[in-house]
Amino acid sequence: MQLTGAQIVLECLKEQGVNTIFGYPGGTILNIYDELYKQSDNFLHILTSHEQGAAHAADGYARSTGKVGVCFATSGPGSTNLVTGIATAYMDSVPMVAITCNVTLPLLGKDSFQEVDIAGITMPITKHGYIVKDVKELADTIRKAFKIARSGRPGPVLVDITKDVTAKTCDFRPVVIADEEPAKTFKTDDINTAVKMIKASKRPYIYVGGGAVISGAAKELREFAELVQAPVCDTLMGKGAFDGTNKLYTGMIGMHGTKTSNFGVSECDLLITLGARFSDRVTGNAKTFASKAKILQIDVDAAEINKNIHVNYAIVGDLKKVLECINSKLDQMDHSQWLAKIDEYKEKYPLSYDTSKLTCPYIIEELDKLTKGDAIITTDVGQHQMWAAQYYKYREPRTFLTSGGLGTMGYGLGACIGAKVANPDKHVINIAGDGCFRMNMNELATASRYDLPVIEIVINNSVLGMVRQWQTLFYEQHYSQTVFHDKVDYCKVAEGLGCMAIRVTKKSEVVPALKKALKSDKPVLIDCIIEEDDKVFPMVPAGASISDAFDEKDLSSKSK
């Protein structure tokens with residue numbers, strides 16, 4: 001059948017099972033939006049307040065479901081406004097297809113109005129990028145884009161289409177998209193070697209990253225940890241892959257990880273690394289990281305093997321499949337003496353905060369109690385992000401959505417909207433610092449436009465909290481450009497954008513505010529006023545060993 005390029009785009013999206021799009025229209029993409037108008041029964045299109053919000057929403061949709069997120073933007077500034085969102089998805093291995101339109105083919109390369117080489121701009125931050133200049137290539141290009149976005153290590157793909165291609169016609173033949181099984185890239189010898197290393201270990205430690213979430217390996221991971229009887233730590237991206245209430249769980253590892261995890265990994269004799277890439281925020285000083293241990297790494301991406309940390313053995317393959325094979329060859333192990341040592345650390349070095357005043361950890365703990373851990377939490381980046389990782393207990397994968405690799409301020413609200421659209425029956429809550437909230441607070445207008453009952457918790461200390469923490473500890477309290485103390489009233493902003501707003505200034509107001517927000521059928525902002533010098537502990541200074549983790553008590557004793 002003869003279809004226009006615009007019709008082909010939507011038909012290909014239907015083939016891929018896409019029914020939700022986040023975007024913002026403009027001149028070059030008008031043909032697609034006109035066709036979207038005609039097919040409004042087939043798609044839910046969420047008009048965001050800014051293209052960056054669309055990219056983050058598509059990202060949140062993808063992270064919370066495992067499906068490919070889709071966003072639309074026009075040429076020029078429309079497409080460049082997607083860049084931060086695309087980079088965020090790339091760094092955290094999020095499957096996304098960004099469809100942009102460009103000027104017509106005769107105008108390409110002539111500095112035409114709103115012309116930009118978006119495929120070139122995004123080349124370093126996409127798995128692949130396409131420029132479609134022939135309508136006959138459009139359908140196959142979109143199909144390839146989706147396959148690339150979700151296969152192997154997922155990531156974003158950009159498809160840029162010239163405007164004339166969306167208007168031209170060609171023959172279109174529908175294709176049924178079959179589910180693909182992950183390719184088996186490992187051998188039986190790989191499994192046997194891993195099993196041998198595990199059986200020889202006396203002090204094993206399991207280190208879980210985002211790959212465990214992406215591969216859907218939560219069940220296999222739990223079985224593996226219980227068979228090996230090993231303590232489990234995770235990264236920001238790995239949150240929820242292993243139940244945060246399980247007795248084997250020891251908390252996050254790295255710069256703001258628990259002392260138990262940091263000390264335990266520093267003392268283990270085998271570090272079993274599952275879908276993690278040894279980020280600098282995890283390892284600290286790479287030369288001293290897990291220096292007493294052999295390291296076994298399992299990852300789908302061969303490029304991550306021996307990139308940051310030299311490992312003793314690696315298996316390249318889908319984590320779920322690899323763990324299935326390993327579990328089948330393991331008998332129940334007993335590491336009770338090692339676990340007793342880890343339990344001593346847990347008792348000696350618990351997470352703690354000042355309970356005499358209103359703090360972010362208190363707010364998050366109360367949120368965890370009220371939701372019973374059954375919510376999707378998104379965050380921006382900074383102190384509140386670390387507190388959300390430390391004090392909310394994530395029981396399931398795809399319930400903690402945050403920017404780990406790029407560290408994108410302004411990520412959380414867009415992601416929150418995307419996750420809520422994908423999970424209408426779940427409570428979805430964004431936790432943001434006031435500095436991050438300023439970045440993309442206009443997306444509250446998106447939430448109110450669609451009556452999405454998301455909850456925006458602003459941890460308001462009138463400063464850039466994490467930067468100030470570093471200035472306090474390492475820059476002689478030179479608070480250069482980190483203090484806000486201005487006249488912005490976030491409650492009035494929220495109300496002006498069509499949302500309910502609640503201000504919290506003391507502990508007794510937290511639970512009533514949260515209960516009211518959780519019962520609301522409209523978006524709610526809770527502006528929580530905390531002290532400007534609250535700090536996130538434990539902490540590992542940049543470049544130090546993770547065994548050098550210190551907390552407030554250590555600081556106090558050191559200053560005496």
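Me: What makes the reach of helix α3 close to the expected one?
Reply: In this predicted model, helix α3 covers residues 51-65, which is 15 residues, and reaches 21 Å from its first C-alpha to its last. The expected span is 1.5 Å times one less than the number of residues, and for α3 that comes to 21 Å. The reach is therefore close to the expected value.

Me: Why is α3 called mostly covered?
Reply: A residue counts as buried when its relative accessible area is under 20%. In α3, 14 of the 15 residues are buried, so the helix is mostly covered.

Me: What follows α3?
Reply: Gly66 does, and its phi is positive, near 85°.

Me: What makes a group of residues such as Phe22, Cys71 and Leu82 part of a nonpolar core?
Reply: Core residues are buried, of nonpolar kinds such as Phe, Cys and Leu, and joined through side-chain atoms within 4.5 Å. Phe22, Cys71 and Leu82 are among those with the most contacts inside the largest core, which has 44 residues. Helix α18 (residues 411-422) gives the largest share of this core, 7 residues. A second, separate core has 36 residues, including Ile377 and Met466.

Me: Which residues does Leu444 touch, leaving out those up to four places away in sequence?
Reply: Leu444 touches Leu413, Phe437, Glu456, Ala494, Leu497, Cys499 and Leu525.

Me: Why is Met91 called partly exposed?
Reply: Partly exposed lies between the buried limit, under 20%, and the exposed limit, over 50%. Met91 has 32% relative accessibility, so Met91 counts as partly exposed. Met91 is in helix α5 (residues 83-91), and together with Tyr90 and Leu406 makes a nonpolar surface patch of about 240 Å².

Definitions and conventions
Residues are numbered from 1 along each chain as its sequence is written. This is a predicted model: local features need pLDDT of at least 70, side-chain atom pairs count only at pLDDT 80 or more; totals for chains, interfaces and linings use all residues. Side-chain values use heavy atoms; hydrogens and water are left out. Helices (H or I, at least four residues) and strands (E, at least two) are DSSP runs, numbered from the N terminus. Buried means under 20% relative accessible area, exposed over 50%, partly exposed in between (1.4 Å probe, protein chains only). Contact means heavy atoms within 4.5 Å. Patches are made of residues with over 30% relative accessible area and no salt bridge: like charges are joined within 9 Å, nonpolar side chains (Val, Leu, Ile, Met, Phe, Trp, Tyr) within 5 Å. Accessible areas come from the Shrake-Rupley method with a 1.4 Å probe; for residues, only the protein chains shown count as cover. A salt bridge is a side-chain nitrogen of Lys or Arg within 4 Å of a carboxyl oxygen of Asp or Glu.
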